[in-house]
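This report describes selected features of a predicted model. The sequence and the structure are shown below.

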Amino acid sequence: MIYQDSKTLLEVRGLRATVNGIEILKGIDLTVRSGEIHAIMGTNGSGKSTLAKVLAGHNAYKVTGGSVTFEGGNLFDLEPEERARAGLFLAFQYPIEIPGVANSHFLRLAYNTVQAQRGKEELDPLEFEDFVREKMKLLEMNPDFLDRGVNEGFSGGEKKRNEILQMALLEPRLAILDETDSGLDIDALKSVTNGVNQLTNKDNATILVTHYQRLLNYIVPDYVHVMESGRIIKTGGKELALELETRGYDWVSVEQRTAARV
Amino acid sequence: MSLSMVTGSSYLESLLQGQPQLPSSPLAWLNQLRADAVERASTLKVPTTRDEEWRFTDISPLSNLSFQPVRAESSLSIADAEKFYLEEAAIRLVFVDGVYAPQLSGQPHGTKDVGLVVTNLSEAVAAHAAAIEPHLGRYAGFQDNVFAALNTAFLHDGALILVPRSVVVEKPVHLLFIATQKEVASHPRCLLIAESGSAVTIVEDYVSLQEDAYVTNAVTEIALADNAQVDHIRVQRDSNEAFHIANCAVSLAHASRYRSVSVALGARISRYNLNTLLAAEGAECAIDGLALITGRQLADTHTCIDHAKPHGTSTQSHKCIVDGAAHAVFNGKIVVRPDAQRTDSSQSSRNLLLNAKARVDTKPQLEIFADDVKCAHGATVGQLDNEEVFYLKSRGLSEITARNLLTYAFGAEIIDRISIASLKHRLEQTVLEQTQRN
């Protein structure tokens, strides 16, 4: 939702980044204010997942130009864990399985780390158990998943639920959801998106990175950006997503090239 | 070459000293078995790194020291021993320096299981000779195995577990081997006979009260009849100066299931051979292992899963966490014989090196002679996965916390498969202590 009195959370200016020496991001500009939901769409290889990873601080990506300001500070001064503690969250496209670490232990460790950063109370295992079970109801998630290894043997839908559960626990200012709809059946998609919708408010913001318009039927964006070849080539409202759904991506790049020639 | 032969055999001669003093058994076949083993041992050589099976494991430090058979009986008190007890165990047999210690053994939880026999072999031999004879010495062959030959030469006492037909033993049986004396050689022997439809969990547990050099040379034989189920947990936490050599041979009959988790933490040099024969249709085994070593330790695990008959299933996950200048070796052989159609087998060897000086040699070895089979295997050696570290950091965990957690998890994945809570907890603590950095 676009609010009049919103604060700027994220300011991306001319961002360039490479992986293995190949430039993937070629000058990204993006402003995200509190309360807003942005969708970043584009074909495979357009650079949208790279943008998500660069913002979260993955060390395989090298920032070669531009700036990113997060809540007024230079994002690139922060290590990935400091970004997380400062309120930036990335829901992974492919959440990592960590057999041997109980999911409940991992969730509590992450929760307490962020709580400590915010000067808030940490929870012991018993307190946390009650707390996390409440949050799991939001996602219609079976409490049995607390006792399993982190994401170990979870189905695609269960992994994505677990990502959103982490979002619910960490209460980020800015959540970036990378292809959260991929691999979800319709029931899982409904409960995951319902969870996300309950977590969005006028103080936080969400960036949805997605290939398909389907997700945007459930989480309605305020802005839709189309990425191609490492740039945002078009920005519009939620109706742009519907147009992409019926017309595909090609017309956007044709339109952009035509405009560039003028 | 000739020099090593000479030192090899004189060394074995010295190891065989004391064997003639063993009391002879009333059973002729047992005396014959021992005599055959003595004869075989005196013709075999101590293996060197020139032997393919011992390529990476140089046991010359073992043959440079002289070890005597245990002479004095240890007067170990319950107070010294009880810290190793498992609260869940139904029955505990304790051996001190290889010698059965009745005063430390017992039935903490008793057992209502009709006919279950858990006792020391020398006592059992008279009463259960007919049950023992078809199994003892039948699986752990000593023709080409000098350590199995030595163990059999000294075969006098040991643990016998006899689970009668259809008896399901709910609580685990704990076989506890405590080392208290230095420079001695002990030859623990275990025989587990699981009759048809029975089920049992055994813990074979090697511990030490001292940090000196000694030799443990163990042999365990496990026979599963039709539909029997055996869970075998093996923990080797010998002294870091000790030598631990062990041979375990398992034979699986129709639709039986053998599951094993073996954990190697101790010993200067350890070598564990686990040979599993799926001798009849529909047998199933799951064999998991973890070696967690540091300093100048060497832990060598050689396993062989032999699919002899159709419809067998085997899964294996072996992991090593190697720190310091330690060296881990894994050789995992899987044989699928021509008759073993519809075999389903998977093996993985994963290794984590925590130090630039740490080393691992891993060798999956598949010998497949049947055409309708599914065999998957894979091996990895390396440091922690960058994507896993990033995932945890993206949730606010510091680099060091993330790395500690992942290293712990790497080992805990195997420990988690142990069904006994107190043992699992203890081993988890050990993994935690050995893997965490500041």
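## Helix α9 of chain B

Helix α9 of chain B covers residues 421-435, 15 residues in total. From its first C-alpha to its last it reaches 21 Å, close to the 21 Å expected at 1.5 Å a residue.

The buried residues of α9(B) are B:Ser422, B:Leu423, B:Leu427, B:Glu428, B:Val431 and B:Thr435. Residues three or four places apart on an α-helix point the same way, because there are 3.6 residues a turn. The cover over the buried residues of α9(B) includes the strands β9 (199-208), β11 (229-236), β13 (257-264), β15 (284-293) and β17 (313-322) of chain B, together with helix α8 (399-415) of chain B.

## Domains of chain B

Chain B is divided into domain 1, residues 2-280, and domain 2, residues 386-438. The centres of these two domains of chain B, taken over C-alpha atoms, are separated by 32 Å.

Contact between them involves 15 residues of domain 1 of chain B and twelve residues of domain 2 of chain B. Together the two domains bury about 1100 Å², of which 71% is on carbon and sulfur atoms.

## An open sheet in chain A

In chain A, six strands form an open sheet with mixed pairing, in the order β6-β9-β10-β3-β11-β12. Strands β6 (88-91) and β12 (231-236) of chain A are the edges, each pairing on one side only. On average, neighbouring strands of this sheet are turned by 20° against each other, direction ignored.

Within the sheet, β3 (residues 37-42) and β11 (residues 223-228) of chain A run parallel and are joined by five bridges. A:Gly42 has A:Met227 as its bridge partner in β11(A). Helix α5 (residues 156-170) of chain A lies across β6 and β9 (174-178) of chain A, and runs at about 170° to β6(A).

Methods: Residues are numbered from 1 along each chain as its sequence is written. Chains are lettered from A and ligands numbered from 1 in the order in which they are written. This is a predicted model: local features need pLDDT of at least 70, side-chain atom pairs count only at pLDDT 80 or more; totals for chains, interfaces and linings use all residues. Side-chain values use heavy atoms; hydrogens and water are left out. Two strands pair if DSSP finds at least two bridges between them. Helices (H or I, at least four residues) and strands (E, at least two) are DSSP runs, numbered from the N terminus. Axes are lines fitted to C-alpha atoms, for helices over the stretch in contact, and angles run from 0 to 180 degrees between N-to-C directions. Contact means heavy atoms within 4.5 Å. The expected span of a helix is 1.5 Å times one less than its number of residues. Buried means under 20% relative accessible area, exposed over 50%, partly exposed in between (1.4 Å probe, protein chains only). Domain bounds come from an automatic or database domain assignment. Buried area is the accessible area (1.4 Å probe) that two parts lose on being put together, summed over both.
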